[in-house]
Structures are given as structure tokens and as C-alpha cells.
Amino acid sequence: MEAAGLWMLGTAGIVMLASGLPAWIVLVGVALAFATAGIAIGMFDSNLFTALYSRLVGLLEYDLLQALPLYVLMGSLINRLPLADTLFRVGARALAWTGSGRALAGLGLGIVLAPMSGSAGASASVLSHAVYPRLGCRGAEHNLALVCLASTLGVVTPPSLVLIFLGDAMLRAHTEATNVTGLVGRIINTQDVFHAALVPAAMLLAICVAIVWLTHRAEAPESLAEGTPPSDWIVAIGALGLVVALLAGVALGHLYAVEAAAAGGVALSAYGLATRTLTRKVLAEALEDTLAITGALFALLVAATTFTLVQRAYGTDRWLAALFTQFGTDPAILLAAVLAALALCALVLDAFEMTFVVIPLVMPPLLMRVPDATWVAVLTLLILQTSFLVPPFGYAVLMVRSRTASRIPNLALARALAPYIAAQALVLALVIAFPRMLWREEVTAQGTPVSGEKAREMFEKQLEENDRNEPK
Amino acid sequence: MASNAVDRVLGGISKAALLLVWPLSLLLFAQWPLRDWVHAYSREANDIAQIIFALYVAVAITEATRRDTHLAADVLAHRYPVRWRARLARLASAAILIPWSLFLLYSGVVPAWNSLLQLERFAETLNPGYFLIRIAVLLLATLVLVQALRDAFRPRRDA
């Protein structure tokens, strides 16, 4: 019965795809169904859900989550103010000499917008609306592939929401693993994940820029004939400067991600007021978008909290820890198995569900055997991004297809996506082969991995302690 | 119609909550100069922001339902007839969201009430107002319940 947590995941994935119901409702529904079954067969008692209230209070008092509405506000303001359009036009004009100005500007807009959307699904929605129509009709499959790629950039480009939450999930998992194994050193934090993701993200972006340039060369020159007034250039340079400054502030540790997001929101509002583009109507729309999108993302957290409560009640975490010991003494096999499982899950679950439902389940026992948490975090990000992009079922591919009502054949789209997937595979292989290429400030908790059986015993002990400390 | 009246009330609550994101942004933006330059009040700013955040997201989930912005993988389901999808949504409201929110209310009322009576403070800073975070969870559950009742039992022609 301990494997019920995995059945829950499978059921949730199937019901999500088959029903089209909101993911958060499906997660809550599956959790309720399995909880009812567990109570009926005497696996646990009906007091199980009394812990849910305390867990949700914990969510609402969690500092890091404050970043959520702020990132969404920034995204909404960029989308609603003429800024996205200005950035695109200036970018297309500035890069016209390359022969693929529109496509490169579209990719650039994706780099700016996707990290603020919070999920591949939300990014796909925004970019299908903001970028796809502007790319023109030449090479439709290449345009669609570009939007798919841009939708996944929020997974690896710091300081994205996905990175913030994955960093936090890794912190918790690393703490749990370190408590169990007694390894010395500091625990990984969100900042570490930001830093570590910078080099692979930069490499990936550089390769993708080259691919976009190659596949979109020789755009119709008349499409770039419209002029761009000097004020647009000033605005675009100012906006890019702000993004770079905030990114540098976070990367260098002068700002927390929450503060950077707040600064961005304040700066964008000031820009809107100063240019008189933030009219009452635009403001109302941006605020309504912010509230609704924040609600959509937070609902996933609430649902994931319910879902993982039931998974733990079934003892799936213990069962997985025991299962992981069966991979013998080679942690590399275990790492490969977990990454493969993450890749499969990412075909039906978005980055947020992955971070809050799957990562807490598999990471603590994995980090007991593979203690380099920073490296594992970056591999996780890269594997998630790649999985979102694999046709025909990759999450971003499905979402972009659905949002753009595209009728491009799967084979044509797969061909257009192939270079991007190859680029991701290359960066993934490089990170696997050369863990030292990641930027690390200090050495995180390291040591000799414990044996499988020892890990299982220690993990059991830690889980019992967690259960005793669980708020009632 | 009762259904329309409920919708107006929920809409009014959402409108009131829309503006909370401004003080939230300003308080969190102010944390940086307060911490690094003033060397005081940054934790107070953070605690107030936490309360505002809790109230904001408590309302936000229902607003996402009202505006149909919840993330969904509707790759297959967008081909289903509209009537099927509407029935499925009503069924989900009745069978999932109503029992879930009722249970949350049932398990949260006593601890929230006790917290209110004690005017519970933030544990680390001892600043007042922590009880509002506990109450925000009840607000979240209540709004989800009301919206789910409306969606599940509204007259079919509104669906």
C-alpha cells in the first residue's frame, strides 16, 4: 500500500489530461479519493486532515511565497503596458542586421517574460499571445518551436519563480538528507541554485540564439521597415538595464529575490505613471490579471500541500527511501533513475506541481546518496526544461499548440524542435560530465555517500522524528 | 437570482483585494533600505507584508476560479462538447471543492478562534497580527466553498 502515493501521481496525471479540469482541483480530488480509501481500509484515521489547516497556515506565513504576486505583477505590467511591444520592436530593429531580427527579439522577450510567469503553462499562455503573432507567417513550425522554447526558459533562467521554489524545495530536501547522514557543510539555498544555474542557462541561451539565427535567417526585409522613435530606444535600454541590474543584485547577494521583484514592480509602475501609459483601465486590467494568476499559482500550492499530506500518510516517502537502497552502491544509477522519473512526470505535470509534489518525495533519499545538492538541482532544472519541450507530449508543446490552435504536423514540429532539444541534451551532458563548471560560492554539504541500507535506516529515523514534530 | 447576488459579493471582495498588491510591493521594496540603511523596522515591514499577502492569496484563488485562469491541461478536453465540460466542472465543485473546504473550515475554526482570543503574535518578532494569518486560511476556505456552491447549484442556463 505504500506505493499508493505513486498511484496517486499516475491517477492525477491521467485525470488531468482526460478531464481538462484545473490541475489544483484534480490534485485535491485525487488526494480526497485516496484519503477516503485509506480511511476505509484502516491505513490511517480520519484525523489525518486535521494537519491540513496547520500546513496551509504554514504556506501563508512563508516569506518566500511573497515573491509570487510580485513576479506576477511585473509580468502583468510588462504585458499590459506597451513595454512588451516596444521591447519587441526595438529588439527586431536592433537585430535586423542579423537577418532574423523578429525571431531573436521574440526569444529575447521570452527571456524577459517567461521567468515571471511562474510555470511553463502560464508562460505558454502569455508568449502565445505576446510573441507568436508578431513572428510573421514564414516558417510556421519554426515560429511555433521558438514559442515552445521561450515558454520553457522560465525554468532555467534566473531569477525565475520556478528557480526560487525549486531552490526552496532543495533546501528542505538537503536539510532532511543532511540531518540524516550527518554530513558537514552548509545547506544549499535559493541563492546557490541561482548562481549554479547561471552558467548552464547562459550556455543554453547562447546556443539557442545561434539556432534561432540559423533557422530564421533572411526574414522579409519589409517587415522591419517601420520606424522606431528615439523614445522607444530609451525605454528599451532602460528596461533591459533594470532587468540586468536586478539580476545582478540578486546574483551578487545584495538583494533577495522578493525585494528584486518588488523593486521591479515599483519601477514598472513608476514608468507607467511617468509615461501616462498606466491609465485607469490598464491599471485595473493589470491588477485583475495579477490577482487571478496569483490565485491560479497559489491554488497549486494549496493542492500540492493536500496531496503530499495523503502521500505521506500512506508512507510513500518511506517506501521510496527503501526502494532507493535497492540500487546498490552506485549513486549514479540512482541519480539516472530519478532524473528519468522526473522527465516522465514532467510530461504531464507543470514545473510548480513537480516542485511541490514530486521533488519533496524523491529528493531527500536521493541527496543522501548523491550529496552534491547544487549539482542535482541544476540537473533537475535542465531535465525538466528538456522534458517540457519533447514533442508530441511535452507540457510546453501541448500548451502552445492548444493556445495557438496550431495545425502544424507533429513531425514538422519535432524537426523544428530537434535542434533546441539537442542543445539542451548537450548542456545537460556537459553539466553531468563537468560538475565543476557550476558557479558555487562556498562548498555545500559534501561527504562520502552513505550505504543504501544505512541510508534507509537513518531516513526512517528522520521521518519518525518529522512525524512527532508535525503540527497537530 | 441568488447566484448573481453571490457573484456580486465575491466580485466585490475581489475588487477590494486587488489593491493589496501595492502595499505588498511597497513594503517588500522598503525592506531593502530599511535593513541596509535604516537598520530598523525591516522585520516589521515583513510581518505586515505577510499579513497582506495571506489575505491577498486567500481571495486570489476564488478570483482565479471566477476568471477561469486556473492552469489546466485541456489538450484532449478542449475537443469535448461544451455541455460535457460544464457538467464535469459542476461535478468537481460538488464532489471535491465543497467537502474539501468544509473540512478545512471544520478543522480550522477552533485554532483560529483561540488565536483571535489571544491576539496571537508572530513567534520570531513578537509583532502583533499573526492571528490574521490563521483567519486568512478560513477566509480562503469560505470563499472556495461559496464559489463551489454557486458553481455546483446554479441554474443550468447560467452554466
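1. Leu59(A) touches Leu65(A), Phe298(A), Leu301(A), Val302(A), Thr305(A) and, in the other chain, Phe53(B), leaving aside residues up to four places away in sequence. Contact here means heavy atoms within 4.5 Å. Leu59(A) lies in helix α3 of chain A; helices (DSSP runs of H or I, at least four residues) and strands (runs of E, at least two) are numbered from the N terminus. At 10% relative accessibility, Leu59(A) counts as buried. Buried means under 20% relative accessible area, exposed over 50%, and partly exposed in between, with a 1.4 Å probe and protein chains only. Leu59(A) and Val302(A) are 243 residues apart along the chain, yet their C-alpha atoms are separated by 7.9 Å.

2. On reading the values: this is a predicted model, in which local features need pLDDT of at least 70 and side-chain atom pairs count only at pLDDT 80 or more, while totals for chains, interfaces and linings use all residues. Residues are numbered from 1 along each chain as its sequence is written, chains are lettered from A and ligands numbered from 1 in the order in which they are written, and side-chain values use heavy atoms, with hydrogens and water left out.

3. Chain A has 20 helices and zero strands. Of its 472 residues, 60% are buried. Among contacts in chain A with a separation of 6 or more, 81% are between residues 24 or more positions apart.

4. The interface comes next. In it, 64 residues of chain A are in contact with 58 residues of chain B. The two chains bury about 5,400 Å² between them, 74% of it on carbon and sulfur atoms. Buried area is the accessible area (1.4 Å probe) that two parts lose on being put together, summed over both. Tyr53(A), Leu60(A) and Leu291(A) supply 16% of the area that chain A buries against chain B, more than any other three residues.

5. Across this interface the rule finds 11 residue pairs in polar contact, both residues being at pLDDT 80 or more. A polar contact is a pair of N or O atoms within 3.5 Å; within protein, one must be able to donate a hydrogen and the other to accept it, and residues adjacent in sequence count only if both atoms are side-chain atoms. Several helices of chain A, including α1 (4–19), α3 (50–60) and α13 (280–314), each supply at least two residues of the side that touches chain B. The largest share, 17 residues, comes from α13(A). By class, that side of chain A has 42 nonpolar, 15 polar and seven charged residues. Ala, Val, Leu, Ile, Met, Phe, Trp, Tyr, Cys and Pro count as nonpolar, Asp, Glu, Lys and Arg as charged, and the others, Gly among them, as polar.

6. How many salt bridges cross the interface of chain A and chain B? The rule finds one. Asp289(A) forms a salt bridge with Arg67(B), the closest N and O atoms being 3.2 Å apart. A salt bridge is a side-chain nitrogen of Lys or Arg within 4 Å of a carboxyl oxygen of Asp or Glu. Over all chains, the whole structure has 14 salt bridges.

7. Asp289(A) is buried, with a relative accessible area of 12%. The side chain of Asp289(A) also meets that of Arg80(A) in a salt bridge (2.8 Å, N to O). This pair links distant parts of the chain, Arg80(A) in helix α4 and Asp289(A) in helix α13, 209 residues apart. Arg80(A) is partly exposed at 35% relative accessibility. Arg80(A) also forms a salt bridge with Glu285(A) (3.3 Å, N to O), and Glu285(A), in helix α13, is 205 residues from Arg80(A). Arg80(A), Lys281(A), Glu285(A), Asp289(A) and Arg67(B) are linked in a network of salt bridges.

8. Helix α16 (residues 351–369) of chain A bends by about 55 degrees at Ile359(A), and Pro360(A) follows within four residues. The bend is the angle between axes fitted to the seven residues ending at a residue and the seven starting there. Because 18 of the 19 residues of α16(A) are buried, this helix is largely enclosed by the rest of the structure.

9. Gln424(A) is in helix α19 (residues 410–433) of chain A. Is Gln424(A) buried or exposed? Gln424(A) is buried, with a relative accessible area of 1%. Among the residues that Gln424(A) touches are Leu149(A), Thr152(A) and Gln385(A), not counting residues up to four places away in sequence.
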